[in-house]
Amino acid sequence: MSAKQILTTLMMVLALIVVGSTTMAADMPEQVSLDTMVELFEAVEFDHDMHSELGEDCSVCHHHTTGTGTTDDRCISCHANSDELETVACINCHVSDPFSSEHLSRESQEIYQFHIDRPGLKAAYHWNCIGCHEEMDGPTGCEDCHARTPEGDEFYHKDATGSADEGGHH
Amino acid sequence: MSGISRRKFLAASVAVGAATTLGGTKKALAAGSFSGYPNSMGVLVDLTRCIGCRSCEAACNKEQKLPDPNLPFDDMSVFDQTFHHGTQKRRTDESAYTVVNRYTPEGSEPIYRKVQCNHCAEPACLSSCFVNAYTKTKEGAVIYDGSVCVGCRNCMIACPFNVPAYSYSSAFGAVVKKCIFCHETRLKDGLPPACVEICPQEALTFGKRKDLLKIGHQRIQTHPGRYIDRVYGEKELGGTHWMYLSPIPVEEVGFDPRPGNEPIISHVKEFLGVVPMVLAIWPALFTGFHLLAKNQEGHGDHEHDTEHQHDEEGGQQ
């Protein structure tokens with residue numbers, strides 16, 4: 001009987017530690033490596049520390065997931081007082097393969113109707129980054145953030161030098 | 001004698017005529033009532049999201065193994081190119097199955113529109129092709145078999161979007177060339193086309209056509225003032241599988257406002273329905289005329305007797 005009690009107490013303490021560690025702000029990454037397009041571009045080392053100092057509120061990027069309340073009109077009706085989620089990383093909601101047949105069939109069974117048409121990871125990054133950078137005079141050119149790999153140079157035909165109106169019929 | 005012949009000929013003509021008319025009508029009705037494959041795919045192009053990076057053009061070039069471009073795909077000077085004395089922007093051709101054009105309406109930020117085959121539910125190119133080179137697949141793509149193309153270019157004239165292009169650079173074996181929705185390499189395996197996959201802004205949304213319609217209307221509703229209230233391609237020309245959301249009237253981003261909602265085939269199917277009838281009746285009709293004329297000429301000869309005998313046999317049956 002007492003052994004069972006000890007076990008229960010231990011389990012509870014363990015659970016608290018786990019929950020506590022995931023909700024602690026100290027868990028916030030200093031830097032995030034964005035490396036989903038490494039074939040054509042070098043990974044982007046996103047300075048999370050610097051950006052979180054700039055932003056007044058985590059919800060500017062993280063919507064309602066950090067437990068700080070949200071200002072987005074479309075989220076606020078349900079998530080005004082939402083608790084912090086276990087995971088707040090972009091990729092947990094914005095998938096990297098939004099158009100794969102697996103994801104499309106998952107989406108078609110989406111029961112949270114307000115979450116349909118959720119952008120994929122790449123779009124979520126670009127909308128958030130470019131939108132803010134335009135307002136705050138941050139870098140907005142493709143190669144300001146994305147250094148191209150040799151494969152990327154080839155993909156964009158960097159060395160093409162023909163004249164503009166050669167070939168092709170218009 | 002000639003009286004019996006005429007009666008027989010008329011009866012035969014009417015029978016053939018009736019058969020082909022009925023057959024033809026059935027076919028024409030079937031063509032008009034096609035409402036698309038239920039689970040076919042499409043793409044929703046959101047012009048408010050496109051930033052004109054031309055990555056889709058680069059991805060298409062690589063995927064379809066097209067010739068090297070004249071200018072790099074990150075060269076934005078192509079947006080200033082015009083053709084035919086400034087009346088036409090860039091269009092698709094044998095070396096580019098998709099192009100992005102820039103439009104700058106007064107007092108507005110530039111708007112970019114990607115051009116490619118819109119993969120009509122009832123494609124005009126397909127209707128116009130007399131060698132049946134074109135196929136509308138159950139996945140939603142309009143593909144073609146270049147090996148049977150005879151280079152007549154009817155499809156280029158028929159297409160309301162000016163999409164099919166011609167391989168003018170090839171003296172022999174020149175064929176029509178156009179976007180095939182990456183059908184062979186991707187779509188038939190459930191993968192999105194290369195341009196959709198590379199788009200950094202998700203300006204291109206891939207999904208079932210019926211879901212894209214819902215998404216399109218939902219975006220219009222959720223963002224008042226951002227879009228005009230129209231999902232271009234929902235009804236236009238009988239419906240297309242690539243559809244557009246635009247912040248300004250579609251005429252201002254280069255769409256031809258003249259074609260209405262009727263698929264092109266509706267304008268020609270009555271005429272086309274007559275073609276098999278003509279093909280079936282005319283030989284019988286003119287053979288009849290020929291026989292009549294011949295019979296009148298040849299009264300009392302050997303042929304006449306033989307035919308009389310045949311007529312009697314026919315009458316007994």
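**A walk through chains A and B**

Helices here are DSSP runs of H or I with at least four residues, strands are runs of E with at least two, and both are numbered from the N terminus. This is a predicted model, in which local features need pLDDT of at least 70 and side-chain atom pairs count only at pLDDT 80 or more, while totals for chains, interfaces and linings use all residues. Residues are numbered from 1 along each chain as its sequence is written, chains are lettered from A and ligands numbered from 1 in the order in which they are written, and side-chain values use heavy atoms, with hydrogens and water left out.

What draws the eye to Asp137(A) is its backbone: phi is near 60°, a positive value in a residue other than glycine. Most residues other than glycine have a negative phi. Asp137(A) counts as exposed because its relative accessibility is 73%; exposed means over 50% relative accessible area, buried under 20%, and partly exposed in between, with a 1.4 Å probe and protein chains only.

Leu237(B), another residue other than glycine with a positive phi, has a value near 55°. This leucine is placed in the loop between strand E9 (231-232) and strand E10 (242-245) of chain B. With a relative accessibility of 3%, Leu237(B) counts as buried.

Now step back to chain A as a whole. It holds eight helices and two strands, and the order from the N terminus is α-β-β-α-α-α-α-α-α-α. Of the 170 residues in chain A, 23% are buried. Looking at contacts (heavy atoms within 4.5 Å) between residues at least 6 apart in the sequence of chain A, 40% join residues at least 24 apart.

Next, where do the two chains meet? The contact draws on 33 residues from chain A and 40 residues from chain B. About 3100 Å² is buried between them, with carbon and sulfur atoms giving 57%; this is the accessible area (1.4 Å probe) that two parts lose on being put together, summed over both. Three salt bridges cross the interface of chain A and chain B, each a side-chain nitrogen of Lys or Arg within 4 Å of a carboxyl oxygen of Asp or Glu. One of them pairs Lys62(B) with Glu39(A), whose closest N and O atoms are 3.6 Å apart. On the side of chain A that touches chain B, the elements giving two or more residues are helix H5 (101-108) and helix H6 (121-135). H6(A) gives the most, with five residues. By class, this side of chain A has 13 nonpolar, 11 polar and nine charged residues; Ala, Val, Leu, Ile, Met, Phe, Trp, Tyr, Cys and Pro count as nonpolar, Asp, Glu, Lys and Arg as charged, and the others, Gly among them, as polar.

Finally, a look at confidence. The pLDDT, the predictor's confidence in each residue from 0 to 100, averages 80 in chain A, where 80% of the residues score at least 70. Chain B averages 85, with 83% of the residues scoring at least 70. Its residues 20-31 are below 50 and have nine contacts beyond near neighbours in sequence. Residues 312-317 of chain B also stay under 50, with zero contacts beyond four places in sequence. Where pLDDT is low, the predicted coordinates should not be read in detail.
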